[in-house]
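The exercises below are meant to be worked with the sequence and the coordinates side by side.

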Amino acid sequence: MDSEYAYTKKRMHFGKKCNFSDFDKTEVEVKSNPALMSNYVRMDPVTHATQCSKVFAVHEVNTTTATYKDNKMFHYEGGWPKDINMKDLEQTVRYRRKIEKDELYIHTMLQNILFKSMEHCILQNNACNIYEEYFADVEAIPLIQRAFSRTVNVYRDPLTMKRQITHLSWSPDQGNRFAASYCNVDFKKTFSSNYTSYIWEVENPNNPYITLKPFCPILTLEYSPKDSNTLIGGLITGQVGCWDLRRGPEIIDISSVEFSHRDPCDKTLWINSKTGTEFFSASKDGQIKWWDTRKLQVPTETLVIDLSKPENQNVDKATGISTLQFEPSMGTRFMCGLENGIVISGNRKGKTPGEKIATRFRAQYGPVISLERNPTFVKNFLTVGDWTSRIWSEDCRESCIAWTPGHRDFLTGGAWSATRYSVYYLIKVDGTLDVWDFLIQEDSPVLSIKVCDESLTCLRPHEQGQLAAVANKKGSTYLLEFSEALTVNQKNDKLLLTALLDRETRREKVIEAKNREQRLKMRTLKMHGESDFTDASLKPDEREESKESSTGLKNTLIVQCEQEYENIINTELTRQAEANTVELNNNVMQNERDMYTTNPAQNSQNVQLDLSTLFQFPRWKQRQILGQYLYPLVYNIYPNFMPHKLTDILLDVNSIGVLISMLNDLELFHLKLKDAVNVLQTYYVMAA
């Protein structure tokens, strides 16, 4: 029997791991010696290059010499029959047509290897065209551009006492300069002796280009559309003046005071003429005057806006003119906005004053602040006044075809964009400029810009469309630049806007025709009674039929009006019924019951009420006071038959005087109380 003993010990308690190798290895431990640091210089940082790949040596090997040979081929046209001269174009074309007409030509070409070999060579030279358009047949859709603007420059009044800018005008030479008229229109403030106005260069906002020096403040300045050196202006004295920048900043000619406007001349516009020297002006005195700069002392023509009797031309009864408009493409036609909200479309060729101002539009509730025709659709014009702007068509005189919602701030001006058909601008007293585009949205502006904190006074877009000059009340002019989304027309904008304006115009025409017909019927019924609709010369039967037709017409209109009135009443009742819940009614009833039961012992005595004192209170207070006196009396007679209901009936049926008499006369009180009991009993019987 073998004896065995197993001795176990953990590996961690003895020896080191055995490493078997084919070579000798000596391990040496070298400890650090800090004293050796003085022999070295520390370098920080140290750049050391490493290469992970193997390092190869350069080897040169002699190989077999490769022999190259260039072979060239000269292609010469051949294969023609001997009797055909290949240099004669006519013979080659005739022979080629002859071969192509052969019946075996197509079969031979298809069966021959010529097609396959040529196709193989062509495909070998096939390359990828990186400029190839894969979707050339699909129309490109323009990207949706974001509407934005930026302020380019700010032109400030050099004077220390800031004045309001009343008018802006761009020069006709590409709009490199603009004229601004400065005038303090607040007469309560002290006027200074400096009445200068300025012409600014667009690229130089620091100093004015020219300083105009009139003898009184200028309300309006307007560049001549044909000459960039000629300007006209309206003065605060009612006169009009002319400037020639080549002759200096002073005024060169001025109208006579006795032939000028009675009020300050705040509107001047150039008109079409062969000489290019004619313009017209307007003022709050209600007169429109036409002038010629060659003879400026006396106007060539005067028109008084007398709406009641135009033929009399009475200046004392004229209506003040707040804005002027002239479209060069429409010849002698002009428009003016009045202080009473009426817009007049006139024609200078009219023989009489009545014919010159024949067309009228009731545009605004207050003065018409701005009036301007659309540059593309001249039949449509924009009016700005009070808190809204409206777009009109000359074919609809009674109502506008489009309008903006009421603004919270008062509007001070508006103008169409010179390039984009559907865009126009509005300025307000809070210093905000709104950009509207009717093709995008009609209920709110597409862009609203806070230009400054002061009130904006005038606006003038540039003829190229991207720029617009905006002036404020403190004499500063802001030059704004708009994005392409607000200045460039899209492909179908003109067609879409034409369809929009035509649709709204037709709708307004239908409404006007319907209203006109209804007014005519009402006027006929008002002017003539039933007897006027019957003719004495008619036979009795015909007279009766005529009378019945007139009666039927009158009844139809009355029934229509009654039906509309009932619909309004029913709508209001429905709204009130939804607002008042049953719980609210119960609460009110309980409050009335508590009100009548307040101090019943005190109010049970007979009290003489003073009418003068009682009638000083409102109705609900009178009801409360009388109810406090009536309820104890009713409660003593009918304590178990809803005394609060009986008190309500007495208060509702009888007047204040009768109620006071009931408190002082018991017989009258018992009589009225008996009637109230009958009413209450009848109600419950019918309800059962």
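**Exercise 1.** If a disulfide is a pair of cysteine sulfur atoms within 2.5 Å, how many disulfides does the count come to?

Solution. This is a predicted model, in which local features need pLDDT of at least 70 and side-chain atom pairs count only at pLDDT 80 or more, while totals for chains, interfaces and linings use all residues. Residues are numbered from 1 along each chain as its sequence is written, and side-chain values use heavy atoms, with hydrogens and water left out.

Step 1: recall that a disulfide is a covalent bond between the sulfur atoms of two cysteines.
Step 2: apply the distance rule, by which the count is zero disulfides.
Step 3: take Cys396 as an example, whose closest cysteine sulfur belongs to Cys400 and lies 9.7 Å away, which is too far for a bond.

**Exercise 2.** Find how many aromatic pairs a search of the whole structure gives, and describe the pair formed by Tyr155 and Phe178.

Solution. Step 1: rings of Phe, Tyr and Trp (its six-membered ring) pair if their centres lie within 6.5 Å, and planes under 30 degrees apart count as stacked, over 60 as edge-to-face and the rest as tilted. The search finds 19 aromatic pairs.
Step 1: Tyr155 and Phe178 are 5.1 Å apart centre to centre with 80° between their planes, an edge-to-face pair.
Step 2: helices (H or I, at least four residues) and strands (E, at least two) are DSSP runs numbered from the N terminus. Because Tyr155 sits in strand E1 (residues 149-155) and Phe178 in strand E3 (residues 177-182), the pair ties together parts that are 23 residues apart in sequence.

**Exercise 3.** Classify the ring pair of Phe280 and Phe334, and state which strands hold the two residues.

Solution. Step 1: the ring centres of Phe280 and Phe334 are 6.1 Å apart and the planes stand at 70°, so the pair is edge-to-face.
Step 1: Phe280 belongs to strand E11 (residues 278-283) and Phe334 to strand E15 (residues 333-338), so the pair ties together parts 54 residues apart in sequence.
Step 2: Phe280, at 0% relative accessibility, counts as buried, and Phe334 counts as buried at 2%.

Terms used:
Buried < 20%, exposed > 50% of the residue type's maximum accessible area, 1.4 Å probe, protein only. Disulfide = S-S within 2.5 Å.
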